[in-house]
Amino acid sequence: MEAALELKGLKKVFGETTVLSDIDITFFKGEFHALVGENGAGKSTIIKAISGVHKPDGGQIFLHGKPVRFANPNDAQQAGISTLFQEIQEIPEMTVAENIFLGREPRRPGTLLIDKKKLRKDAEKLMGDLGIAIDTTQKMRELPVSGRKMVEIARAVSGQASVVIMDEPTANLNAEEIRSLFRMIDALKKKGITIIYISHRMNEVFALADRVTVLRDGKKVATLNNEEYDEKSLISLMIGRELTELYPRRHNKRGDVVLDVQNFSLDGFFQDVSFQVRQGEVVGLAGLDSSGATAVTKALFGLCEKPGGKVFCDGQELKIKNPATSIRQHIAYLPEDRKTQGLFLNQNLIFNYTISSLRTLFSKMGVIRNRKEAEDAKEISGVLKLKARGLHSRPNELSGGNQQKVLLGRWLLDKYKILIMEEPTRGVDVGAKSEIYNQINSLAQKGIGVLLYSTEMMELLGMSDRILVFSAGKLTACLEKEEASQEKIMQYALVR
């Protein structure tokens, strides 16, 4: 087969840390090649080296047999390498069309002026060809996260690329959008375009990959054809040990009702929702987009305008005003987007751990107890098996899995009665997933009631004692663990 892109002896060093060591990988023309490994294994560093974000400290990159060295991402794009990064790259105040063709805008003949009519027409044709129903005149800031991600995908495939790199492209996408993406990928392959794909969702790798390369601790462990691996063997190669059970066995004894939600309503989002959560219980929430499930979790934490109905915690009626009030009433919350809604990316780990419990645990007469802060932060990092250079590292220096651990660690310091979690393992590798699941189980064993929203069906089925299913703003089913299945959840999620 013809090689489209080759990495030979690729090396990258940050400070005294070698993050890539002698990487040799060949990507063939027209193949779907998955890169898998735990967070911090080197996947993102490889694609940043290929796409001109990082300059390699050793080795060579060959594109169609010729050595290349890119000074910046624009050089890589001009050479035919298009990259869809995990973090959305956008200019919020510009339109969809302007974002798609940024830097490649059509010009009026004989001038440097942008031909706005052609720009819009080209964007509409591209979106139509890709099956994406988004108004190209909308500004990016007006779109939901999934819509912005689809625009990013359109931009990545819009150029004359021979290699398209996708880093966690299905994060934030619903089922129909994921199907649209897979149709795009199939069309690109038929044109002879090489797809390099990073995903923690093993079902995507098994369904789509022609070959897979496993990375661990900055080194290549193996490159395998589709028929040479199964889920168990692949996970074992990724984490360097056999993972006997992803979801921990739970024998928690359910205690008294700790959360009692009665006739909970929020105009335009959900109506007359009632349910209970007991001590030591993990209650899953399921539903398609706009089902009301995530609106319920956000409203319970005080992130929405005042909802109707009543909510009781340990028999005391909650005053739902804002997140600060909810925290004081022993409600903890893990948002679905850790980077924009949860973490302080440019502050150190100590700050990120302790920010929600400064008043209760780490201050005396208005003075911060810095020594206790550091001691408790160090202890939590050990409990979570956090991989960081030290407590003064910042979340933006950590892998996705370790960022999620920091966010979870914030709620391990103080005593809470309810933990609300949205997408607790989004963008997290399988090893870190297992560790996070064990922490959730440990919290439940201590008597905390857990509300867990996830779009990963197996996660809901594996972690929940009961699953609440939402559709069109209504609670349509409450399924016990023994009766819950993917089919039943979807059946009730489609009720109108």
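This is a predicted model: local features need pLDDT of at least 70, side-chain atom pairs count only at pLDDT 80 or more; totals for chains, interfaces and linings use all residues.
Me: Which residue has a side chain that makes a polar contact with the side chain of E373?
Reply: E373 belongs to helix α14, which spans residues 370–384, and it is buried without having a salt bridge. Leaving aside residues up to four places away in sequence, E373 touches several residues, among them I350, L358, F362 and I368. The polar contact from the side chain of E373 has a length of 2.6 Å, and the partner is T354.

Me: How far from E373 is the nearest side chain of opposite charge?
Reply: A salt bridge requires a side-chain nitrogen of Lys or Arg within 4 Å of a carboxyl oxygen of Asp or Glu. For the buried E373, the nearest side chain of opposite charge is that of R369, and no salt bridge is present; the distance is 9.5 Å.

Me: How many residues apart in sequence are the parts that E281 and R254 tie together?
Reply: E281 and R254 form a salt bridge in which the closest N and O atoms are 2.9 Å apart. E281 is buried, with a relative accessible area of 0%, whereas R254 is partly exposed at 36%. Because E281 sits in the loop between β12 and β13 while R254 sits in the loop between α8 and β11, the pair ties together parts whose separation in sequence is 27 residues.

Me: Is K298, the salt-bridge partner of E336, buried or partly exposed?
Reply: The side chains of E336 and K298 meet in a salt bridge of 3.2 Å, N to O, which links the loop between β16 and α11 to helix α9, 38 residues apart. With 25% relative accessibility, E336 counts as partly exposed. The cut-off for the buried class is under 20% relative accessible area, so K298, at 19%, counts as buried.

Me: Which residues are linked with K298 and E336 in a network of salt bridges?
Reply: The structure holds 27 salt bridges, and one of these joins the side chains of E423 and R426 at 3.1 Å, N to O. Both E423 and R426 are buried. The network that contains K298 and E336 also takes in E422, E423 and R426.

Me: Which element gives the most to the lining of the second largest pocket?
Reply: The second largest pocket holds about 520 Å³ of space and is lined by 23 residues, with P73, Q77, T83, F85 and R155 lying nearest its centre. Elements that each supply at least two residues of this lining include β6 (81–84) and α5 (145–158). The element that gives the most, with five residues, is α2.

Key:
Residues are numbered from 1 along each chain as its sequence is written. Side-chain values use heavy atoms; hydrogens and water are left out. Helices (H or I, at least four residues) and strands (E, at least two) are DSSP runs, numbered from the N terminus. Buried means under 20% relative accessible area, exposed over 50%, partly exposed in between (1.4 Å probe, protein chains only). Lys and Arg count as positive and Asp and Glu as negative; His and the chain ends are not counted. A polar contact is a pair of N or O atoms within 3.5 Å; within protein, one must be able to donate a hydrogen and the other to accept it, and residues adjacent in sequence count only if both atoms are side-chain atoms. Contact means heavy atoms within 4.5 Å. On a 1 Å grid over the protein atoms alone, a cavity is a set of points where a 1.4 Å probe fits but cannot get out, and a pocket is an open set with protein on both sides within 12 Å along at least five of seven lines; lining residues have an atom within 4 Å of a point. Grid points are joined across faces, edges and corners, and a volume is the space filled by probe spheres set on the points.
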